[in-house]
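Thanks, everyone, for making the time today. I would like to walk through one structure slowly, so please have a look at it first.

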Amino acid sequence: MLSIEQQGFEKKEINTEDKGEHGGISVAAELQLAVRRVSSVNPATGAVLHEFECASEADVRAAVARAHAAQVEWSEVGLQRRITILREFQRLLLEKKSEIAAAITREAGKPLVEALVTEVLVVLDTARFLIDNAHRLLRDEPVPHGNLATRLKRGWLLRQPYGVIGIISPWNYPFSIPATETLAALVAGNAVVLKPSEFTSLTTLELASLLYAAGVPKDVFQVVVGDGSAGAALLESGIDKLVFTGSVATGKRIAKAAAERLLPIVIELGGKDPMLVLDDADVDVASSAAVWGAFVNAGQACLSVERCYVHRSLQEAFLAACVEKTEKLRVGRGEDHNTDVGPLIHERQLRLVEAQVEDARNKGARVWTGGTRLPQLGPNFYSPTILADVTHEMRIMREETFGPVLPVMAFDDDEEAVRLANDSEYGLAASVWTRDWDRGKRLARQIHAGTVMVNDVISCFGISEAPHGGVKASGVGRTHGRFGLEEMVRLKYLDSDLAPGMKKLWWYGYGAPFARQMEGFLDLQFARGLRRKLSGALRAAGVVVGRKL
Ligand code: NAD
């Protein structure tokens with residue numbers, strides 16, 4: 001497999017002791033950032049792992065031009081060959097699973113088990129889904145015609161690759177997010193130019209290395225490393241579609257720029273996912289779900305449980321169970337097999353979490369556990385935190401937190417629970433906890449979100465058949481599953497007429513007799529009752545084909 005240097009990324013010697021206060025980057029490194037360098041940093045220690053020069057606008061444009069040239073052949077090799085390469089990618093990934101998980105943990109901080117389950121497993125299963133279903137989902141599809149006027153035609157839907165898909169990805173799932181999108185784009189016959197988060201470039205280069213080893217040509221999949229300006233350059237580089245995952249603020253900026261050039265986009269943005277614990281829920285199970293759902297990946301998941309609403313009758317027991325379970329969690333470095341919760345990605349994220357907790361405290365929220373930094377563990381650790389007595393006037397219940405905080409609020413009936421869940425600018429996912437499946441489904445229909453799970457959280461991201469995406473400020477479009485694959489192809493409607501020697505009835509030759517015949521034809525097709533239909537048929541029958549111009 002190709003090393004980072006073999007992929008064309010210069011190796012910079014880094015003194016790992018040389019770290020400062022901003023996510024571990026030294027003053028010297030900050031000056032280098034001014035000349036547009038990005039650093040990959042271990043968030044648990046602050047040690048700089050690698051430094052990269054940002055791709056310039058010209059680099060990005062050149063990468064996209066190479067991708068366009070290479071895509072033609074990639075599309076022509078055919079789906080069977082692309083699936084064979086995908087199968088090889090899957091085999092290699094399985095073989096290298098522990099190495100890849102370790103690389104993710106080093107750069108993103110999450111516990112190794114999470115790297116294996118929420119990243120490697122998700123990608124292996126996406127490959128499985130595409131291997132099993134791409135033929136069925138991408139093949140030409142006949143379009144039967146219902147209109148009598150068009151019965152002498154045959155229609156098909158063709159699904160053709162866009163050309164070059166640009167992907168811009170975040171740091172929180174640095175392997176599974178870009179990989180699942182890339183695999184769908186590639187199998188559909190597109191080339192891909194991927195701009196990873198500046199915080200997790202190394203993990204993405206591991207993905208590149210696996211794809212190349214599996215047989216994907218180098219120009220068909222390219223990584224352009226850099227910060228937001230490299231992402232902005234990708235938008236202007238001649239790509240045919242963009243799949244963006246990141247914050248709402250950046251997503252809005254991207255949507256505006258894309259609108260200027262009518263560039264099709266999928267934008268997967270933030271969430272403020274509610275969890276509704278109804279009065280018949282199993283408190284033990286629901287509290288375990290809340291604790292895992294709020295603290296997995298240190299709360300830095302777009303699908304994290306960000307707001308928890310509990311029926312008032314269960315609130316005390318639920319909070320007590322959550323606190324007991326949270327206090328048993330082991331916070332530490334992801335490499336340690338005993339760690340449950342790792343660090344946040346960088347200091348800026350830590351400050352944002354602190355500010356939201358502080359705002360809640362000032363407005364009357366009670367901290368049941370946590371609520372402090374853990375500097376003795378490293379620069380970016382925050383204790384898993386449970387808040388009660390929260391209200392929708394607090395930032396913690398309105399803004400995405402993206403940190404290990406579980407705010408809990410009571411409700412009195414199902415109607416109020418749904419109203420609170422929907423009182424948000426976001427709509428990514430939600431969960432309902434109940435022993436009554438029908439009641440859960442009924443509430444799920446009323447919640448404004450891209451996904452609602454009854455009696456589970458977050459795992460929808462790992463269900464390769466399920467579409468992933470949000471409503472409201474959580475985004476536009478879908479990734480994953482059938483609808484994620486559909487986003488990677490242009491739909492073309494192909495129509496073929498079976499009577500090439502015949503002029504069409506509706507062409508010129510207008511006049512009162514023709515209008516009467518057409519009225520008859522409309523009655524024949526759409527009038528209710530046999531008599532009116534027959535009368536329409538008689539009036540329509542007078543059409544003289546040869547009269548058409
Ligand atoms: P971010 O918006 O800061 O950055 C995302 C990517 O956009 C990065 O690669 C960044 O370099 C790039 N970027 C920044 N400015 C840009 C610009 N002007 N033009 C083009 N690209 C630009 O987000 P982040 O902090 O990396 O990720 C966290 C956010 O992502 C959270 O809000 C989280 O909810 C969201 N997220 C959403 C999903 C989802 O599927 N809905 C999944 C994961 C993360």
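**The ligand and the sheet**

Let me begin at the ligand, where one of its oxygen atoms sits 2.6 Å from an N or O atom in the side chain of Glu198. Please keep in mind throughout that what you see is a predicted model. If we ask which residues come nearest, then out of the 29 residues around the ligand the answer is Lys195, Glu198, Ser247, Leu269 and Glu400.

Now let us turn to the sheet, which is an open one made of six strands, in the order β7-β6-β5-β8-β9-β17, with mixed pairing. Its edge strands are β7, residues 221-223, and β17, residues 475-476, each of which pairs on one side only. Within the sheet, β5, covering residues 164-168, runs parallel to β8, covering residues 241-245, and the two are joined over four bridges; Ile167, for instance, has Val243 in β8 as its bridge partner.

Finally, the helices. Helix α8, residues 228-235, packs on the sheet and touches β5, β6 and β8, its direction making about 155 degrees with that of β5. Helix α7, which spans residues 201-214, lies across β6, residues 191-195, and β7, and it runs at about 160 degrees to β7.

Methods:
Residues are numbered from 1 along each chain as its sequence is written. This is a predicted model: local features need pLDDT of at least 70, side-chain atom pairs count only at pLDDT 80 or more; totals for chains, interfaces and linings use all residues. Side-chain values use heavy atoms; hydrogens and water are left out. Two strands pair if DSSP finds at least two bridges between them. Contact means heavy atoms within 4.5 Å. Axes are lines fitted to C-alpha atoms, for helices over the stretch in contact, and angles run from 0 to 180 degrees between N-to-C directions. A residue is near a molecule or strand if one of its heavy atoms lies within 4 Å of it. A polar contact is a pair of N or O atoms within 3.5 Å; within protein, one must be able to donate a hydrogen and the other to accept it, and residues adjacent in sequence count only if both atoms are side-chain atoms.
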